[in-house]
Amino acid sequence: MTQTMATDFEARTAESALMYVDGQWMPARSGASFPTFDPSTGRRIADVPRADGTDVDAAVRAAADIAVEWQFTDAITRATLLRRLAVLVTENAEELARIEAIDSGHYLAKARELVGALPMWLEYWAGAADKVGGRTIEVPGNKLSLTLLEPLGVTAHIVPWNYPLLILVRSVAPALALGNTCVVKPAEDTSLSALKFAELVHAAGFPDGVFNVVTGYGTEAGAALAAHPEVRGITFTGSTETGREIARLGGQHIAQVNLELGGKSPLVVFRDAPLDDAVEVAVQGFCSRAGQVCVAGSRLFLHEDIADEFLEKLVARLRTATVGDPFDERTKIGPLASQKHYDRVREYIDIGKQEATLLYGGGVPPDVDNSGYFVEPTVFVDVAKDARIAREEIFGPVAAVMRWSTTDELIETINDSEYGLFAVLWCQDITAALDTAKRLQVGSVMINDWFGELPMTPHGGHKQSGVGREEGLEAVPGYTQIKHIGINLDRSPAQATDWAGAPL
């Protein structure tokens with residue numbers, strides 16, 4: 001069966017989609033499906049197959065059947081296929097961006113930018129495919145000791161809804177480059193771009209079974225994938241709560257698990273910071289992707305000497321940040337991804353109104369489709385460090401502002417969190433900035449800059465924000481295992497007959 005999904009971008013609808021398993025397009029074996037909705041209007045786009053454990057098992061077995069053949073496919077061939085895929089992504093960039101805008105709510109200019117960056121990941125890992133490997137080890141005696149870097153086998157990629165295509169590519173690219181086969185389970189709210197990407201994988205010439213996509217709900221398809229005994233590695237990006245369950249399911253069959261989980265990232269403005277630049281980054285920090293970003297700078301720490309001036313500038317800037325339809329060229333903030341998530345963010349805004357002082361926003365933006373999932377950028381001040389809006393991940397365009405006076409106080413408050421994903425510091429005194437960065441319990445710190453995810457720099461968290469790293473050469477251990485080989489070059493065992501003197 002061939003893929004039949006065709007998107008009508010004017011009507012913002014698509015023909016019902018099919019899953020991609022073992023090089024074939026197919027519905028769920030049960031025949032079940034579920035709708036995916038346009039978050040800017042609340043209207044149905046298409047129906048997507050609702051996979052269950054039977055469908056997941058078929059995809060994993062297809063990946064397992066070709067795992068050894070793909071492992072021993074030479075690295076140059078794997079790299080060539082990845083580069084071919086990069087070309088196809090570039091050629092189909094506009095369609096991919098429009099699908100992402102309709103299905104996930106990214107405003108179109110941002111969706112184009114994100115899709116335009118995807119070939120970097122594919123090219124980076126194509127280049128790494130034949131350059132990473134084992135090492136030789138000096139050992140006593142006339143012996144040779146070496147290690148081989150081998151793929152895990154079948155890897156599961158459970159992808160979130162906030163950056164559906166970027167996060168898919170950033171984990172699939174190293175997995176394929178290093179010789180693993182892949183089964184992808186996109187988020188149920190944003191499956192369409194993964195299915196379009198599967199068309200490009202097929203067109204690039206990857207062998208059947210090397211790359212598979214099953215669509216469905218997390219509690220059904222996602223759980224079945226994480227629990228499958230032939231899955232040797234799991235990559236998951238999402239909430240800490242779900243990450244714990246993924247780790248539990250994978251642990252039952254001792255799968256290797258990489259987790260990028262929640263965050264409550266601080267954005268710190270020092271007294272010497274250039275305020276206009278810091279304000280711009282603060283807006284990006286909690287409003288980019290409507291705040292639906294793991295690294296969102298949702299805790300805003302302002303030095304008391306500049307806090308009032310900063311907040312005045314922040315409110316002025318927010319008034320120019322247009323919230324609206326992703327296809328409107330004026331839009332800089334799109335909708336939240338789903339009705340369920342919209343309700344969650346609205347609930348946190350109500351909590352914030354009880355815990356703190358509302359400085360800006362808190363309502364529904366003007367001039368938007370009331371059926372869509374739009375939320376105004378919202379800023380709370382006078383926030384206590386133990387307030388829920390200061391401690392819990394909201395995942396929406398909501399900032400909790402806290403003032404600080406001493407660095408020790410600042411660091412204590414920032415580190416008093418179950419999360420440790422990311423931090424941003426705006427500070428001209430590089431000594432003070434580096435000293436602060438070293439003391440923060442987070443996976444990444446940006447100084448005088450905002451986060452721009454890149455394939456060559458490692459990304460991941462401390463504490464409840466996850467384990468393992470995506471991107472950069474630091475990601476290699478997440479998709480490989482080490483085999484040690486020892487060789488006795490004398491070609492004879494020890495001459496001693498008393499084996500009690502043997503090393504063990």
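Figure 1. Helix H4 (residues 93-104) packs against H7 at an angle of about 160 degrees, and their axes are 9 Å apart. Axes are lines fitted to C-alpha atoms, for helices over the stretch in contact, and angles run from 0 to 180 degrees between N-to-C directions. Helices (H or I, at least four residues) and strands (E, at least two) are DSSP runs, numbered from the N terminus. H4 contributes Glu95, Leu96, Ile99, Glu100 and Asp103 to the contact, and H7 contributes Leu192, Ser193, Lys196, Phe197 and Leu200 (contact means heavy atoms within 4.5 Å). These residues of H4 and H7 divide into 5 nonpolar, 1 polar and 4 charged. Ala, Val, Leu, Ile, Met, Phe, Trp, Tyr, Cys and Pro count as nonpolar, Asp, Glu, Lys and Arg as charged, and the others, Gly among them, as polar.

The model is predicted: local features need pLDDT of at least 70 and side-chain atom pairs count only at pLDDT 80 or more, while totals for chains, interfaces and linings use all residues. Residues are numbered from 1 along each chain as its sequence is written, and side-chain values use heavy atoms, with hydrogens and water left out.

**Figure 2. A salt bridge joins the side chains of Lys196 and Glu199.** The N to O distance is 3.3 Å (a salt bridge is a side-chain nitrogen of Lys or Arg within 4 Å of a carboxyl oxygen of Asp or Glu). Lys196 and Glu199 are separated by about one helical turn, because they are 3 residues apart in helix H7 (residues 192-204). The structure holds 27 salt bridges.

**Figure 3. Helix H10 (residues 275-287) packs with helix H11 (residues 307-318) at an angle of about 55 degrees.** Their axes are 9 Å apart. The angle makes H10 oblique to H11. H10 passes H11 in a right-handed crossing. Among the contact residues are Val279, Val283 and Phe286 of H10 and Phe310, Leu314 and Leu318 of H11. By class, the contact of H10 with H11 has 10 nonpolar, no polar and 5 charged residues.

**Figure 4. The axes of helix H8 (residues 218-227) and helix H9 (residues 240-251) cross at roughly 40 degrees.** These axes come within 7 Å. H8 is therefore oblique to H9. Ala223, Ala226 and Ala227 of H8 meet Ile246, Leu249 and Gly250 of H9. The contact of H8 with H9 has 5 nonpolar residues, 1 polar and no charged.

**Figure 5. Seven strands form an open sheet in the order E16-E17-E18-E15-E14-E20-E21, with mixed pairing.** Two strands pair if DSSP finds at least two bridges between them. Strand E16 (357-360) and strand E21 (444-447) are the edge strands, each pairing on one side only. From one strand to the next, the twist averages 25 degrees. Strands E14 (residues 266-269) and E20 (residues 422-426) run parallel and are joined by 3 bridges. Leu267 has Val424 of E20 as its bridge partner.

Key:
Angles under 35 degrees count as roughly parallel, over 145 as roughly antiparallel, 65 to 115 as roughly perpendicular and the rest as oblique. A crossing is left-handed if the near helix is turned anticlockwise from the far one by less than a right angle, and right-handed if clockwise.
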